[in-house]
Amino acid sequence: MNTSNWKTPLGYFEKAIEEFRRTQEELQVQLEEIRELKHNYAKLESDLEKTKSNLEEVTTELRVTKVDLEKTKNEFKAIKQQIKEQSKQLQDSQQTTNDEFKAIKQQINEQSKQLQDSQKTTKQAINEIKAGIENGSIIACKALMLKGRDDKHWMRYCKLDSVNHHCFQVWRSDNNTWQDDIKVKAAIFLQARDDYHWMRYQYMKDDKYDTFHIWKGDNTWYKCLRVSTAGRLKS
């Protein structure tokens, strides 16, 4: 617009049109802002309703939680009292346990000393017998012990069992203990018709029948036992 003649009627008119246009634009902007505010207000009102509903739910949950908390508090008091009583009982019994432990410890020490003395005496006797066997002063077949697989293992007679079987043990000089680990073929097998056939127990059938198998020289177990009743059936 030409500003040199704005004071003319046409200039006033044009100026008024321009101001009206600017006012219209400002009003349009304000209208958009009002619409946005209205939309935000509606959204805020909806959020407030949701918040109110959530607040009511939280209030209800807090009320229930308060009841549960009171119940838990009472249970905790009861447990605390029970623990206190058990602690007192434990303290009362601890002194008795300590006295018993001291007595057991003393007994173990005494038995350990006796065992050490016995082991020392036994080892000394074994060394003397071993030396006698090695230098020939003791006849091997009448010696108290016989050498096992090496110088740390020695065999001796121990006792007669309930059916008068001679029982032997093996002495291990590396840990000074007697071991019941002597095993011979006849301990688990019974000889059949020759040295190539042996019989032994295999399993219990029907929880009442002892079942035996025959071992042959081909390293195979056979179910070939036969007794007089095997060929007979009651009529």
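Modeller: Here you go. This is a predicted model, where local features need pLDDT of at least 70, side-chain atom pairs count only at pLDDT 80 or more, and totals for chains, interfaces and linings use all residues. Residues are numbered from 1 along each chain as its sequence is written, and side-chain values use heavy atoms, with hydrogens and water left out.

Biologist: What share of the 235 residues in the protein chain is buried?

Modeller: Buried residues make up 8%. The word means under 20% relative accessible area, with exposed over 50% and partly exposed in between (1.4 Å probe, protein chains only).

Biologist: Why is Tyr201 called partly exposed?

Modeller: Its relative accessible area is 38%.

Biologist: Which residues form the nonpolar patch on the surface?

Modeller: Tyr201, Tyr203, Met204 and Phe212, with about 350 Å² of accessible area together. Patch residues have over 30% relative accessible area and no salt bridge, and nonpolar side chains are joined within 5 Å. A salt bridge is a side-chain nitrogen of Lys or Arg within 4 Å of a carboxyl oxygen of Asp or Glu. Strand β6 (residues 198-205) gives the largest share of the patch, three residues.

Biologist: How do you know that Lys216 lies over the face of Tyr222?

Modeller: Lys216 is 4.5 Å from the ring centre. The rule asks for NZ of Lys or CZ of Arg within 6 Å of the centre and within 35 degrees of the ring normal, and Lys216 is listed as lying over that face.

Key:
Patches are made of residues with over 30% relative accessible area and no salt bridge: like charges are joined within 9 Å, nonpolar side chains (Val, Leu, Ile, Met, Phe, Trp, Tyr) within 5 Å. Accessible areas come from the Shrake-Rupley method with a 1.4 Å probe; for residues, only the protein chains shown count as cover. Helices (H or I, at least four residues) and strands (E, at least two) are DSSP runs, numbered from the N terminus.
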